Amino acid sequence: MSVLAYSEIMKKITGIDEKRLEKPFLILSRHKITKNRLKVLKELANHEKITIGKILKNLKQSRGGGSYLTIRDFFLELEKEGLLKREKINNKCYWSFSDKNIQLKEFILK
Amino acid sequence: MLKNFKKENIGPCSYDLRLKEIFKPKKIVIVDLSKDKITKFTKLKLPYILKPGEFLLGKTFEEFDTPLNIMSILKTKSTSFRIGLKILCAVNDPGYKGEIVFGIHNISNNKIKIFKGMSLLQAVFIDLKGSSVPIQTKYMGGNLL
(Lines give C-alpha, C1' and ligand atoms only; values in the text may rest on other atoms or scores of the structure.)
Protein backbone atom coordinates (compact mmCIF):
# COMPACT_ATOMS: atom_id res chain seq x y z
CA MET A 1 0.00 0.00 0.00
CA SER A 2 1.42 3.36 -0.95
CA VAL A 3 0.17 6.89 -1.47
CA LEU A 4 0.45 8.21 -5.02
CA ALA A 5 2.54 11.34 -5.42
CA TYR A 6 2.31 14.08 -8.08
CA SER A 7 3.96 12.23 -10.97
CA GLU A 8 1.95 9.05 -10.37
CA ILE A 9 -1.36 10.95 -10.08
CA MET A 10 -0.48 12.81 -13.29
CA LYS A 11 0.29 9.49 -15.01
CA LYS A 12 -2.93 7.83 -13.81
CA ILE A 13 -5.22 10.79 -14.54
CA THR A 14 -3.76 12.25 -17.72
CA GLY A 15 -1.69 9.34 -19.00
CA ILE A 16 1.33 11.65 -19.10
CA ASP A 17 4.61 10.35 -17.75
CA GLU A 18 6.35 13.38 -16.23
CA LYS A 19 9.77 11.74 -16.47
CA ARG A 20 9.41 11.59 -20.24
CA LEU A 21 8.75 15.33 -20.24
CA GLU A 22 11.98 16.27 -18.48
CA LYS A 23 14.04 16.27 -21.68
CA PRO A 24 11.64 18.31 -23.85
CA PHE A 25 11.18 20.82 -21.01
CA LEU A 26 14.94 21.17 -20.72
CA ILE A 27 15.11 21.84 -24.48
CA LEU A 28 12.26 24.37 -24.33
CA SER A 29 13.88 26.17 -21.42
CA ARG A 30 16.91 26.89 -23.65
CA HIS A 31 14.74 28.73 -26.18
CA LYS A 32 13.31 31.74 -24.33
CA ILE A 33 9.79 30.46 -23.81
CA THR A 34 7.71 33.62 -23.82
CA LYS A 35 3.95 33.80 -23.37
CA ASN A 36 3.53 34.19 -27.13
CA ARG A 37 5.78 31.23 -27.92
CA LEU A 38 3.69 29.10 -25.57
CA LYS A 39 0.51 30.26 -27.32
CA VAL A 40 2.06 29.29 -30.65
CA LEU A 41 3.03 25.84 -29.33
CA LYS A 42 -0.47 25.35 -27.95
CA GLU A 43 -1.98 26.21 -31.32
CA LEU A 44 0.46 23.82 -32.99
CA ALA A 45 -0.53 21.09 -30.51
CA ASN A 46 -4.18 21.62 -31.44
CA HIS A 47 -3.50 20.42 -34.97
CA GLU A 48 -1.96 17.33 -36.45
CA LYS A 49 0.08 19.56 -38.76
CA ILE A 50 -0.23 23.24 -39.55
CA THR A 51 1.60 26.05 -41.33
CA ILE A 52 3.06 29.00 -39.42
CA GLY A 53 0.83 31.36 -41.40
CA LYS A 54 -2.29 29.48 -40.28
CA ILE A 55 -1.10 29.49 -36.64
CA LEU A 56 -0.65 33.28 -36.76
CA LYS A 57 -4.05 33.65 -38.46
CA ASN A 58 -5.74 31.50 -35.79
CA LEU A 59 -4.08 33.53 -33.06
CA LYS A 60 -5.17 36.74 -34.82
CA GLN A 61 -1.59 37.93 -34.99
CA SER A 62 0.22 39.79 -37.74
CA ARG A 63 1.36 37.50 -40.54
CA GLY A 64 3.97 40.03 -41.66
CA GLY A 65 7.60 39.15 -42.25
CA GLY A 66 8.87 39.87 -38.73
CA SER A 67 6.31 37.79 -36.83
CA TYR A 68 6.52 34.98 -39.37
CA LEU A 69 10.29 34.83 -39.35
CA THR A 70 10.53 34.92 -35.56
CA ILE A 71 8.25 31.90 -35.27
CA ARG A 72 9.96 30.14 -38.16
CA ASP A 73 13.38 30.60 -36.52
CA PHE A 74 11.98 29.33 -33.22
CA PHE A 75 10.49 26.27 -34.95
CA LEU A 76 13.72 25.63 -36.88
CA GLU A 77 15.65 25.63 -33.60
CA LEU A 78 13.16 23.18 -32.09
CA GLU A 79 13.42 21.05 -35.21
CA LYS A 80 17.20 20.86 -34.77
CA GLU A 81 16.60 19.69 -31.19
CA GLY A 82 14.17 17.04 -32.43
CA LEU A 83 11.05 18.48 -30.80
CA LEU A 84 9.30 19.45 -34.03
CA LYS A 85 9.28 18.15 -37.57
CA ARG A 86 8.31 19.76 -40.86
CA GLU A 87 6.80 18.43 -44.02
CA LYS A 88 6.56 20.12 -47.42
CA ILE A 89 3.24 19.69 -49.19
CA ASN A 90 2.51 21.72 -52.37
CA ASN A 91 5.15 24.35 -51.59
CA LYS A 92 3.73 24.83 -48.10
CA CYS A 93 5.65 23.94 -44.99
CA TYR A 94 3.60 22.07 -42.40
CA TRP A 95 4.84 21.79 -38.82
CA SER A 96 4.02 19.21 -36.17
CA PHE A 97 5.42 17.68 -32.99
CA SER A 98 7.87 14.89 -33.68
CA ASP A 99 6.70 11.36 -32.94
CA LYS A 100 9.03 11.12 -29.94
CA ASN A 101 7.39 14.15 -28.34
CA ILE A 102 3.73 13.20 -28.44
CA GLN A 103 3.72 13.28 -24.61
CA LEU A 104 4.76 16.95 -24.72
CA LYS A 105 1.95 17.65 -27.18
CA GLU A 106 -0.56 15.92 -24.88
CA PHE A 107 0.77 17.83 -21.88
CA ILE A 108 0.38 21.17 -23.68
CA LEU A 109 -3.16 20.23 -24.75
CA LYS A 110 -4.47 18.98 -21.37
CA MET B 1 -9.43 7.11 -13.35
CA LEU B 2 -10.75 10.69 -13.27
CA LYS B 3 -12.90 12.57 -15.80
CA ASN B 4 -13.36 16.36 -16.04
CA PHE B 5 -10.06 16.90 -14.28
CA LYS B 6 -7.92 20.04 -14.27
CA LYS B 7 -4.19 19.43 -14.54
CA GLU B 8 -3.53 22.46 -12.32
CA ASN B 9 -5.43 20.81 -9.46
CA ILE B 10 -2.92 18.02 -9.05
CA GLY B 11 -1.04 18.66 -5.83
CA PRO B 12 2.13 17.14 -4.31
CA CYS B 13 0.26 13.97 -3.31
CA SER B 14 -3.41 14.75 -3.82
CA TYR B 15 -5.99 16.15 -6.24
CA ASP B 16 -8.21 19.15 -5.40
CA LEU B 17 -11.84 18.41 -6.28
CA ARG B 18 -14.06 21.22 -7.57
CA LEU B 19 -17.64 21.94 -6.54
CA LYS B 20 -20.22 21.66 -9.32
CA GLU B 21 -23.63 21.54 -7.66
CA ILE B 22 -25.19 21.93 -4.22
CA PHE B 23 -28.33 20.43 -2.70
CA LYS B 24 -30.30 21.41 0.38
CA PRO B 25 -32.02 18.78 2.53
CA LYS B 26 -35.79 19.21 2.94
CA LYS B 27 -37.04 19.35 6.49
CA ILE B 28 -38.90 16.23 7.62
CA VAL B 29 -40.17 15.21 11.08
CA ILE B 30 -37.68 12.45 11.67
CA VAL B 31 -34.98 10.76 9.63
CA ASP B 32 -35.32 7.03 10.21
CA LEU B 33 -33.16 4.74 8.12
CA SER B 34 -34.90 1.63 9.53
CA LYS B 35 -38.18 2.82 8.02
CA ASP B 36 -36.51 4.26 4.95
CA LYS B 37 -37.51 7.78 5.98
CA ILE B 38 -34.76 9.79 4.39
CA THR B 39 -34.49 13.49 3.68
CA LYS B 40 -35.03 14.59 0.11
CA PHE B 41 -32.84 17.23 -1.47
CA THR B 42 -33.52 20.28 -3.61
CA LYS B 43 -30.92 21.62 -6.00
CA LEU B 44 -29.78 25.18 -5.31
CA LYS B 45 -28.20 27.72 -7.63
CA LEU B 46 -24.57 28.72 -7.25
CA PRO B 47 -23.20 31.03 -5.91
CA TYR B 48 -24.97 30.49 -2.59
CA ILE B 49 -24.56 32.20 0.77
CA LEU B 50 -24.26 29.54 3.44
CA LYS B 51 -25.62 30.72 6.78
CA PRO B 52 -24.05 29.74 10.13
CA GLY B 53 -25.14 26.21 11.08
CA GLU B 54 -26.55 25.45 7.62
CA PHE B 55 -25.90 22.09 5.99
CA LEU B 56 -25.76 21.23 2.29
CA LEU B 57 -24.64 18.42 0.05
CA GLY B 58 -22.14 19.15 -2.69
CA LYS B 59 -21.29 17.29 -5.87
CA THR B 60 -17.99 17.50 -7.72
CA PHE B 61 -17.17 18.26 -11.36
CA GLU B 62 -14.76 15.33 -11.32
CA GLU B 63 -16.13 11.90 -12.11
CA PHE B 64 -14.28 8.91 -10.72
CA ASP B 65 -13.80 5.59 -12.38
CA THR B 66 -11.68 4.08 -9.67
CA PRO B 67 -9.70 1.00 -10.75
CA LEU B 68 -9.63 -2.03 -8.48
CA ASN B 69 -6.05 -1.49 -7.40
CA ILE B 70 -6.62 2.08 -6.20
CA MET B 71 -8.74 3.74 -3.53
CA SER B 72 -8.91 7.37 -2.52
CA ILE B 73 -9.41 9.01 0.82
CA LEU B 74 -11.27 12.31 0.67
CA LYS B 75 -10.03 14.97 3.03
CA THR B 76 -11.03 18.52 3.89
CA LYS B 77 -8.77 21.15 2.39
CA SER B 78 -7.16 23.36 4.99
CA THR B 79 -8.74 26.45 3.39
CA SER B 80 -12.18 24.98 4.12
CA PHE B 81 -11.76 24.66 7.86
CA ARG B 82 -9.87 27.92 8.10
CA ILE B 83 -12.97 29.74 6.82
CA GLY B 84 -15.25 27.68 9.08
CA LEU B 85 -16.52 24.96 6.77
CA LYS B 86 -16.70 21.39 7.93
CA ILE B 87 -16.52 19.02 4.97
CA LEU B 88 -17.97 15.58 5.52
CA CYS B 89 -16.73 12.88 3.20
CA ALA B 90 -16.06 9.18 3.06
CA VAL B 91 -13.68 6.72 1.50
CA ASN B 92 -13.85 6.32 -2.27
CA ASP B 93 -13.71 2.56 -2.74
CA PRO B 94 -12.18 0.65 -5.65
CA GLY B 95 -14.67 0.23 -8.49
CA TYR B 96 -16.64 3.38 -7.67
CA LYS B 97 -17.91 5.27 -10.72
CA GLY B 98 -19.36 8.75 -10.67
CA GLU B 99 -19.13 12.12 -9.00
CA ILE B 100 -18.29 12.54 -5.33
CA VAL B 101 -21.05 13.66 -3.00
CA PHE B 102 -20.00 15.32 0.24
CA GLY B 103 -21.45 17.32 3.10
CA ILE B 104 -20.80 21.03 3.68
CA HIS B 105 -21.52 22.39 7.13
CA ASN B 106 -20.96 25.99 8.14
CA ILE B 107 -19.66 25.73 11.70
CA SER B 108 -18.55 29.37 11.84
CA ASN B 109 -20.47 32.45 12.96
CA ASN B 110 -20.13 34.02 9.52
CA LYS B 111 -22.03 33.68 6.29
CA ILE B 112 -19.86 31.98 3.67
CA LYS B 113 -20.22 32.33 -0.09
CA ILE B 114 -20.13 29.01 -1.90
CA PHE B 115 -19.40 29.18 -5.62
CA LYS B 116 -18.93 26.92 -8.62
CA GLY B 117 -15.42 25.51 -9.00
CA MET B 118 -14.57 26.06 -5.33
CA SER B 119 -12.07 23.49 -4.04
CA LEU B 120 -13.30 22.29 -0.68
CA LEU B 121 -11.86 18.80 -0.49
CA GLN B 122 -8.99 16.78 -1.88
CA ALA B 123 -8.52 13.17 -2.87
CA VAL B 124 -5.48 11.23 -1.71
CA PHE B 125 -4.94 8.19 -3.90
CA ILE B 126 -3.66 4.98 -2.43
CA ASP B 127 -2.22 2.09 -4.39
CA LEU B 128 -3.63 -1.07 -2.87
CA LYS B 129 -1.70 -4.18 -2.08
CA GLY B 130 -3.52 -7.40 -2.95
CA SER B 131 -6.69 -7.88 -4.96
CA SER B 132 -9.96 -6.13 -4.34
CA VAL B 133 -13.60 -6.37 -5.43
CA PRO B 134 -15.63 -3.51 -6.93
CA ILE B 135 -17.92 -1.70 -4.53
CA GLN B 136 -21.68 -2.22 -4.88
CA THR B 137 -23.56 0.82 -3.59
CA LYS B 138 -26.83 2.62 -4.18
CA TYR B 139 -24.82 5.85 -4.24
CA MET B 140 -22.95 4.75 -7.40
CA GLY B 141 -22.83 7.48 -10.04
CA GLY B 142 -23.09 10.28 -7.49
CA ASN B 143 -26.69 9.46 -6.43
CA LEU B 144 -27.85 11.54 -3.49
CA LEU B 145 -30.27 8.97 -2.09
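Predicted model: local features only at pLDDT ≥ 70, side-chain atom pairs only at ≥ 80, totals over all residues.
**Where two chains meet**

Let's start where the chains touch: the contact takes 14 residues from chain B and twelve residues from chain A, where two residues count as in contact if their C-beta atoms, placed from the backbone, lie within 7 Å. On the chain B side, strand 11 (residues 119-127) gives the largest share, four residues. Strands here are DSSP runs of E with at least two residues, numbered from the N terminus. What kinds of residues make up the side of chain B that touches chain A? Eleven are nonpolar, three are charged and none are polar.

Residues are numbered from 1 along each chain as its sequence is written, and chains are lettered from A and ligands numbered from 1 in the order in which they are written. The predictor gives the complex an ipTM of 0.78 and a pTM of 0.70. Chain B has a mean pLDDT of 89, with 99% of its residues at 70 or more; pLDDT is the predictor's confidence in each residue, from 0 to 100.

Back to strand 11 of chain B: strand 1 (residues 2-3) of chain A pairs with it in the antiparallel sense over two bridges. Pairing means that DSSP finds at least two bridges between the strands. One bridge here links A:Ser2 with B:Asp127.

Now look within chain A. Strand 2 (residues 84-89) and strand 3 (residues 92-97) run antiparallel, joined by six bridges, and A:Leu84 has A:Phe97 as its bridge partner. This hairpin has two residues between its strands, and A:Asn90 takes a positive phi near 45°. In the loop between these strands you'll also find A:Asn91, with a positive phi of about 65° although it is not a glycine. Is A:Asn91 buried or exposed? A:Asn91 is exposed, because 5 other C-beta atoms lie within 10 Å (12 or fewer means exposed, 20 or more buried, and in between partly exposed, with C-beta atoms placed from the backbone).

B:Asn4 isn't a glycine either, yet has a positive phi of about 55°. B:Asn4 sits in the loop between strand 1 (2-3) and strand 2 (15-25) of chain B, and is exposed, with 11 other C-beta atoms within 10 Å.

Definitions and conventions:
Nonpolar A, V, L, I, M, F, W, Y, C, P; charged D, E, K, R; others polar.
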